[in-house]
Amino acid sequence: MTRIREIFETMEYGPAPESPAPVITWLEGHDRTFGHYIGGEWRDPGDGERFPSVNPSNCQEIAQIAQGSAADVDAAVAAARAAFPAWRDLPGHARARYLYAIARQIQKHARFFAVLESHDNGKPIRESRDIDIPLVARHFYHHAGWAQLMKEQLPGQVPVGVVGQVIPWNFPLLMLAWKIAPALAMGNTVVLKPAELTSLTALAFAELCHEVGLPPGVVNIITGDGRTGAALTTHPDVDKVAFTGSTQVGRIIRNATAGSGKKLSLELGGKSPFIVFDDADLDSVVEGVVDAIWFNQGQVCCAGSRILVHEGIAARLITKLKARMETLRQGDPLDKAIDIGAIIDKNQLETISGLVDQGARDGATVWQPSWACPTEGYYYPPTLLTDVTPASTVCQVEIFGPVVTLITFRTPKEAVALANNTRYGLAASVWSENLNLALDVAPKIKAGTVWVNCTNMFDAASGFGGYRESGYGREGGLEGLWEYCKPGWLAEAKARAKAAPPAPAAAPVDESPSDDAHPFAGASRGIDRTPKMYIGGKQARPDAPYSIAIRSPKGEVVGEVGRGNRKDIRNAVEAAHAASWAKKTGHNRAQVLYYIAENLAPRAEEFAGRIQALTGVSRGEAEREVNATLELLFYYAAFADKWDGRVHHTPLRNVTLAMPEPIGVMAIVCPEGPPLLSFVATIAPALAMGNHVIAVPSERWPLMATDLYQVFDTSDLPGGAINIVTGHRDELAKVLAAHDDVDAIWYFGSAEGSAEVERLSTGNMKRTWVSDGLVRDWYVAEQGRGESFFRHATHIKNIWVPYGE
Amino acid sequence: MMVHASTSDSPIPERNPGMPLDLAWVRAVQANLSAIERRAATIPTRRSVKKDWQAAWLLRAITCIDLTTLSGDDTPGRVQRLCAKARNPVRGDLLEALGVADLGITTAAACVYHRYIETARRALEGSGVSVCAVSTGFPAGLNPFPQKIGEIKASVAAGAQEIDIVITRAHALTGDWQALYDEVCAYREACGDAHLKTILATGELATLRNVGRASLVCMMAGADFIKTSTGKESVNATLPVSLVMVRAIREYRERTGYTIGYKPAGGISSAKQTLAWLALMKDELGVPWTHGELFRFGASSLLGDIERQLEHHVTGRYSASFRHPMA
C-alpha cells in the first residue's frame, strides 16, 4: 500500500484498462480464422489464401483474414444480384424494420464492437465507445427512417442495383455504416470490402446481419487487399461503386470504371484548414485543435491539419497549444484514460515520420511534448510544425497522422485564400465569436463541410463529402440518398439499352461532304454571316481560323461556324473564372433568365425558321420547340431563387445548414436533341444555380447557340457567365474534361465520348455527368428538366453552427 | 504586465497582490458555451482512475474539502460534531488498511457562519484544519456595504483564517466591472492576512462570459481563491463553469505570474464527481491545483460517499453509510 501514499502525493494517473476478454473469446470461438460472408453463408476463400490482422498497439497478430479472389468477388456479386429483386420490391416499411433491428443490435452489443474496433485498429476506447459506435447505431436508425419514407420523399426514384463498396481502415465500422445504411434503405444490395488492415468489425457485423435475419445476399462482406477491391469496383455486374480512401486510389477507380455506366461516389483525402480569428475563445480553440488533429491519431480524412491563425494571436495560441499537448496521454488504446492510441501500421508510421523529417529539413520547427511515446507498437507523438509556408510539402500533402501545421494570416480575405490554397476541399473549421465574420467566411471556403466553432462533428442527418480532389457525392442526410437511387425512367432506358444496344445514331454530319474536302462550301448567297465564339461576353474569332459548314438535312449549307481548339477552350475557361454571375442573388439570376425569354420571344419566328432550316421539321414543330424553350427559361428562372437548402436535424444545439452552392466553372457538352430546346435545357439549369458555363453546342446545331448569343448580349447576362465554343464535340470535350480549372463537366453524347470524359476527369477529380450514349426526350419533363439537373449543378455544403450563450 | 513572482517549483506561491483593473483585458474575455460544454463533457470520459489510484485520489480529495454547515438550524453542538469529523474524516482502521494512518489526513477546513467561528476555532485547535467563515451578507450579499466590511473584520478578529465573500451579482450582470473591482478590493483589505475566497454565484451570472469576466476582475482585485457558488443557488458547481474559471486562473497566471486557487461548491456529493474535478484541475492547471493549498471542494455530504468508496476499496464489498461516523 506504499503505492497509495506515493500516488497521494504525485496524483499520477494509473492504468484503467477496458477488458478485451469478450473479444478474445469471440476471436477464439472462430479459431482466429475468418472467411467471406456471401449469400448468407460463411465461405473459405476460393484459393485458400489468408493474411494476418495485427493489433497495432503491440504488433501481435490477432486473426487470419481471407484474401478475396476474383472468383470470390464473382460469387459475392452474384449473391447480391440474386437478392436484389426481392429486396428492391420489399415495401419500404419492411426494409425499415431490418435497418431498425440492425441499429438495435449495434446498440445492444455496443461495447463489444467498441473493444473489437480498438483492438484491431488501435484507436482509443474512449473514441470507439463514445463516438464511432454510437454514430454507427445512429446511422442505421436514421436510415431506417429513410427506408420507411423513400416512396413518399423520393418519388420516381428506384434503387441503383448491386453496390460495390470499399472502405478505409480509419473508421472501419463507421464507414461501413455510412455505406451500407443508405444503400439498404434505398433498396440496393451490397458487396462491401473492408480495408485489409481492419476487417474484424465488418465480419462481426455480418454475423449481426445474419442474426437479425437479413435475407441472404442483401449484405455480403468480402475481405482482402487492393486486388480484391479492384476486382469488386470493376466487376461488370456492379451498378454503383462507393469508395472512401485516398485520392490516389479514387483516381484509379474513376479511371477503371470510366464508360462503364457505374454510378460512382468518392470520399477522398483532405488537408482541411482550421481558421482562428483574433476574437475566438482561444482555450476552446485549443480543445478544437485536439479534436481536429489528435482525434483518431490524426488519421481522419477531414482532420483540421492546417491551422491558419491571425498573426496577432499566433504566439499566444502556440503557447497554449504546447501546454495542452503536454497533458495529452498516449498509449494502450484499451486504456480508458488514453487520448491518443496507435498508428494503424508500420507503413503509415513511416510515412508520417518521413514527412515530418522532410518538413524539418525544409526548415520547419518541429515541436513535440516532453513525454515519451510507447516504444512497443506503432506510435507517433502529437506534433506541431511551425515556421512553415504554403509552399512547404507538409502544408500541401495529407500526412494522415497526429501532425498539424501552423501558418498566420493578416485579414479574413487572406485567411480564405490560404484556406482554399489546396487541391482538396473536404472540410474546414472556423473559429470566431463574431458570427457575422464566421458566416461570411464559411460560404467562401471550398469545402463540403464547414464547422463554426467546432470540428469533426458528424451525424447521419448531415451530408458529408468533398469539393475538388476530395471527391464527390455526399454521405448522410437527404443529399446522401441520391447516391443510392436513380430516376425510374433512366433505369428503364438503361435496361432497354442493355437488352438491345441501339444501332449507332445516324450522324448527318458524317454524311455531309467533308469540310476539308470542300473548304469553301460555306460561301453563301446574301451578306455573308460569320458566327463567332462567344467568350467573356464578347464575340471572338477562333484562335485558328478554320470553319465548319453546317448543313440542312438535304445537304445545303445553312451557315458556317468556327472550329474551336484548345486555346479557345483555355480562353473560355479563363473568361468563365473572371465572371461575376455566381455573386448575383437568386432573384437577380431569375430576372436575367426571364429577360432572355423576353428577348427571345419577339424573335420566335426567326428562331423557328432557323430550326426548320437546320432540321427540316414542319413550321408547327419548330414553333412548338421555340415555345417549349421559352417555357423552360421561365421554369429555370422560377427555380433560380427556389432551390433551397435545408436545416438538418442533427442532435445538437446547433443549426446545420445544408446549402446548395454552384459548383463553379462548368463545361457543358450539349446534346443533339431539338436544337434550341436541348441547348437551353442544359445551360439554363447550370446558369440558374449560379455556375459559369463553357458550352460546346452540338456539332449539328451550333448555329442555334451562336444565334442565341445576341439574345444573351441584350439580356444583362454578365460577360463570362456563358461562353460558347463551337467545333468538333469530342475534340473539345477532351480538352475540357482534362482541364484542371474546370470544376464539372456534363457530356451529352456518345458512349465512347462519355467514357473518355470520365477517364480524363481524373486530373482534378472534377465532377462528371455523362449520358453514356442514352438519349433523353427533352420534351418529357422527368427527362428534360428538374431535380437531377439541379443536383448536378450544385454542391451541398453543410455548415454547422452551434449556438448558446 | 509580466511579473513572474512564482513558478511551479516554489512550494508556497507568493500571495496574489492584485493589480489595477484592466478593462481591456476583461472585455476581451471570450467563452464559447457550446465548445466549453463539449470539452466539459469529455473530462469524465477521457480520464478514468481505478484501484489504488482511485483510493489515493479520494484521500487527496478529502484533504481538499471545506467541510461545510451553513444552515439556519446550526447550533454549537452541530458545529462541534462537524469539526470532529473534519479532524478525523475517515475511520482509523480504513486508514490503517490503506497504509496512510500516519499521514494525518484531515479535511482542509471547516466552513461555518460567523456566529460559530469561535466554536469551530476551539474544536479545531491544533488540528491544522482551517476555520473558514462565509461573509458579506452570505448568500445574497445585499447587506449595506459598511456592514459587510464590518462582518469580515469581525470574523477575522474571531479567528477565521479564510473568508468566503459573495460578490454583488448586480455589478456583473450590469457589466459594472469597476464597481465589482472596488468592492472586492475593499474586502481584500478588510481580510488582512486571512485568505479571501470570492464566491461568484455562477448560477446567477447568466452566461459563461460573465463568469469568465467576473473571475478575472476578482483576481485583479486580489482574490486568493475564486469560488463558484454559495450552494444556495438553483445551479451550483458545474464542469463547464469550472472550465471557464480555471482557464481564467491559468490566463491570470500566464500574464501576471500569480497563482490563484479554485473552489467549486454546491452539488458535489459523489466520490466519482471528485475524480472528474481532480482530473480537470490536473489537466488544465497542473498537480499543485489538486492539493488543498490551491483547490477546495465546498461540500457537506460528499465525505460520506468517499468513505464508503474507500471501505469498498479495502474490503471489496460495497459499504453502507451507517458504518461511518456522521458529522
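Predicted model: local features only at pLDDT ≥ 70, side-chain atom pairs only at ≥ 80, totals over all residues.

Biologist: What box do the C-alpha atoms of chain B fill?
Modeller: Roughly 55 × 45 × 40 Å, taken along the principal axes.

Biologist: And how many helices and strands are in chain B?
Modeller: Chain B has 13 helices and eight strands. Of its 327 residues, 57% count as buried. Among the contacts in chain B between residues at least 6 apart in sequence, 76% join residues at least 24 apart.

Biologist: What is the mean pLDDT of chain B?
Modeller: The mean is 95, and 96% of the residues of chain B reach 70 or more.

Biologist: Where does pLDDT stay under 50 in chain B?
Modeller: Over residues 1-10 of chain B. The model has 17 contacts beyond four places in sequence for that stretch.

Biologist: What about scores for the model, ipTM and pTM?
Modeller: ipTM is 0.95 and pTM is 0.96.

Biologist: Switching to chain A. How many helices and strands there?
Modeller: Chain A comes to 29 helices and 31 strands. Its radius of gyration is 28 Å, close to the 28 Å from the globule rule for 805 residues, so chain A is as compact as a globular protein of that length.

Biologist: What does its C-alpha trace span?
Modeller: About 110 × 60 × 45 Å along the principal axes of chain A. Of the 805 residues in chain A, 57% count as buried. For contacts in chain A with a separation of 6 or more, residues 24 or more positions apart account for 74%.

Biologist: Which domains does the assignment give for chain A?
Modeller: Domain 1 (21-268), domain 2 (272-465) and domain 3 (531-795). The centres of domain 1 and domain 3 of chain A, taken over C-alpha atoms, are separated by 39 Å.

Biologist: How many residues does the contact take from domain 1 and from domain 3 of chain A?
Modeller: Nine from domain 1 of chain A and ten from domain 3 of chain A. On the domain 1 side, the residues divide into one nonpolar, six polar and two charged.

Biologist: Now the contact between the chains. How many residues come from chain A and from chain B?
Modeller: Chain A gives 32 residues and chain B gives 31.

Biologist: Which elements of chain A give two or more residues to that side?
Modeller: α1 (2-10), α6 (125-153) and α11 (282-293) of chain A. The largest share, six residues, comes from α1(A). By class, the side of chain A that touches chain B has twelve nonpolar, seven polar and 13 charged residues.

Biologist: On to the inside. Which residues touch the most other members of the largest nonpolar core?
Modeller: L99(A), I275(A), V276(A) and A110(B), in a core of 279 residues. Helix α7 (residues 172-185) of chain A gives the largest share of this core, eleven residues. The core also draws at least three residues from each of domain 1 (21-268) and domain 2 (272-465) of chain A.

Biologist: What is A110(B) in contact with, leaving aside neighbours within four places in sequence?
Modeller: The list includes L67(B), L82(B), C83(B), A86(B) and A120(B), and also L124(B), V129(B), V131(B) and C132(B). There is a second, separate core of 86 residues, which includes I668(A), L687(A), A733(A) and A744(A).

Biologist: What about phi of F400(A)?
Modeller: F400(A) has a positive phi of about 55° although it is not a glycine. F400(A) lies in the loop between α14 (393-396) and β15 (403-409) of chain A.

Biologist: Is F400(A) buried or exposed?
Modeller: F400(A) is buried, because 24 other C-beta atoms lie within 10 Å, and 20 or more is the cut-off for that.

Biologist: And where is M765(A)?
Modeller: In the loop between α27 (751-760) and β30 (767-770) of chain A. Phi of M765(A) is near 50°, a positive value in a residue other than glycine. M765(A) is buried, with 24 other C-beta atoms within 10 Å.

Technical notes: Residues numbered from 1 in each chain as written. Chains lettered and ligands numbered in written order. Core = buried A, V, L, I, M, F, W, Y, C linked by C-beta atoms within 7 Å. Buried ≥ 20, exposed ≤ 12 C-beta atoms within 10 Å, placed from the backbone. Helix = DSSP H or I, 4+ residues; strand = E, 2+ residues; numbered from the N terminus. Domains from an automatic or database assignment. Contact = placed C-beta atoms within 7 Å. Nonpolar A, V, L, I, M, F, W, Y, C, P; charged D, E, K, R; others polar. Rg over C-alpha atoms; globule rule 2.2 N^0.38 Å. pLDDT = per-residue confidence, 0-100.
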